[in-house]
Amino acid sequence: MTETRRNYVNGEWVESETGETIDVENPADPSVTVARYQQSNESDAADAVDAAASARDEWANTPGPERGRILREAGTLLAQRKEELTDMLVAEEGKARPEAAGEVQRAIDIFHYFSTKAADLGGTVKGASGRGTNLYTRKEPVGVAALITPWNYPIAIPAWKLAPALAAGNTVVLKPASLAPGVALELARALDDAGLPDGVLNLVTGPGSEVGSEFIGNDAVDAVSFTGSGPVGEMVYDQATDAGKRAQTELGGKNPTVVASSADPAKAAEIVASGGFGTTGQSCTACSRAIVHEDVKDEFVAELVDRAESIDIGPGNEHEMGPQVSADERDSTLEYVEVAQNEGATLAAGGGVPEGEEVEDGHFVEPTVFTDVEPDMRIAQEEVFGPVVAVIEVSDFDEGIEVANGVEYGLSASVVTDDHTEANRFVEESEAGVVKVNDKTTGLELHVPFGGFKRSSSETWREQGDAGLEFYTIEKTVYDNY
């Protein structure tokens with residue numbers, strides 16, 4: 001029988017009052033139901049917020065080192081369960097196994113990292129104008145934090161929101177995406193087993209229109225952190241800030257790699273292929289535009305096409321590239337392929353559904369390369385969120401930077417060049433929150449800030465590292481006179 005998994009509220013595993021469930025299918029074989037989850041509603045979400053609000057003061061007053069101990073123990077438990085979590089991630093989201101294992105390891109590393117940061121939170125002492133005054137600051141938790149996370153990194157993104165929120169002394173309500181919620185529930189299980197007090201974390205599965213809306217609108221919630229699509233994220237931000245809440249959103253991207261005339265075409269193609277086709281293109285930082293100098297374009301395209309056509313596609317446990325997460329995501333990618341062809345782009349590789357017994361029923365799409373792409377085409381302007389790379393030819397480096405910046409997004413950008421002056425210019429002039437030199441657009445370090453410019457982010461607080469803690473703390477200045 002398919003397992004039915006429950007919500008985690010006030011330290012208990014509970015069923016939704018609706019009595020309804022959500023089936024999560026294996027995207028490599030949709031005939032297989034991996035698990036069932038609660039189809040929760042506003043009342044379930046409100047119960048979760050009530051539990052978080054009730055636990056707020058006790059957790060805020062728990063010493064930082066003790067909060068860190070619980071996070072560290074949870075990370076250790078996750079490490080012990082790594083194989084199980086990797087299996088679950090592959091089954092629900094479809095990632096290739098090495099990618100899934102790497103994501104689980106990132107969650108483990110995040111918990112261990114923030115376990116040490118919890119002891120450092122306190123404040124600073126400043127020099128006062130008068131001799132009879134102690135002047136200092138205190139960092140205090142914001143309160144109840146609502147976290148709404150996407151399906152494409154279903155354990156890493158919940159971890160990088162949850163760990164700093166708990167380290168800083170906040171209580172949390174979490175809504176994972178319905179397409180792949182299982183590994184997020186395992187974060188709750190690890191924290192529960194590590195001794196997290198009841199009510200400090202509450203996790204509810206269900207539709208964003210009900211669970212997410214209640215989390216955002218509930219008066220007891222003090223901060224909202226959202227990662228997901230642009231249109232939804234903008235609504236979340238408006239709703240949260242209109243209610244006077246602290247809000248942070250990380251949204252989409254249309255990430256470029258600029259290939260300069262000095263670049264080695266084979267090296268550049270490897271960088272673009274890794275950034276564009278890794279995780280089946282389902283990363284907000286995925287490279288979807290290769291902006292290539294005319295002098296190296298032909299050789300670059302030949303190398304990129306060769307790499308696209310050599311990728312081994314199939315179920316994630318045995319193959320290099322897995323399926324897209326759902327039929328809707330696959331169909332959206334294929335619609336963009338059709339749009340690009342109708343607008344005059346040339347299909348150089350892929351563009352369809354692969355053939356073969358292992359892939360005939362799953363949500364698979366071939367790695368796809370388009371050439372003869374103009375900067376104003378939809379394929380060059382809109383986020384596809386699939387394994388599709390648009391090659392845009394430019395005549396000089398200035399044009400390359402102009403095209404790279406000529407979209408409404410600004411999340412990640414990279415340049416491939418042997419000219420250090422060009423590299424420095426690209427770093428200075430790129431309108432992106434993450435800029436890389438001679439590297440793929442994907443891949444993040446956990447201890448440095450992450451976030452975007454323009455419509456890729458609310459441009460409020462950054463995530464990860466010390467910047468991630470800033471969102472979940474508020475500073476109080478104390479004048480202690482004696």
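In this predicted model, the side chains of glutamate 382 and arginine 378 form a salt bridge, with an N to O distance of 3.0 Å. Glutamate 382 is partly exposed at 27% relative accessibility, and arginine 378 is partly exposed at 35%. The whole structure contains 28 salt bridges, including the pairs tabulated here.

| Salt bridge | N to O distance |
|---|---|
| Arginine 81 – aspartate 193 | 2.7 Å |
| Glutamate 140 – lysine 476 | 3.0 Å |
| Glutamate 382 – arginine 378 | 3.0 Å |

Arginine 81, in the loop between helix H2 (64-80) and helix H3 (82-93), is 112 residues from aspartate 193 in helix H6 (residues 182-193). Arginine 81 is buried, with a relative accessible area of 18%, whereas aspartate 193 is partly exposed at 45%.

The largest nonpolar core comprises 61 residues, and Phe111, Leu162, Leu191 and Leu201 have the most contacts inside it. Another core lies apart from it and has 28 residues, among them Val272, Leu304, Val369 and Val416.

Alanine 247 sits in strand S12 (residues 246-250). Its relative accessible area is 5%, under the 20% cut-off, so alanine 247 counts as buried. Beyond its neighbours within four places in sequence, alanine 247 contacts Val224, Tyr237, Ala240, Thr241, Ser458, Thr460, Trp461 and Phe471.

UniProt, in an unreviewed entry, places an aldehyde dehydrogenase domain at residues 13-478. Over that span the chain is 41% helix and 21% strand.

Methods:
Residues numbered from 1 in each chain as written. Predicted model: local features only at pLDDT ≥ 70, side-chain atom pairs only at ≥ 80, totals over all residues. Heavy atoms only, no water. Core = buried A, V, L, I, M, F, W, Y, C linked by side-chain atoms within 4.5 Å. Buried < 20%, exposed > 50% of the residue type's maximum accessible area, 1.4 Å probe, protein only. UniProt positions renumbered as here; feature names shortened; annotations may be inferred. Helix = DSSP H or I, 4+ residues; strand = E, 2+ residues; numbered from the N terminus. Contact = heavy atoms within 4.5 Å. Salt bridge = Lys/Arg side-chain N within 4 Å of Asp/Glu carboxyl O.
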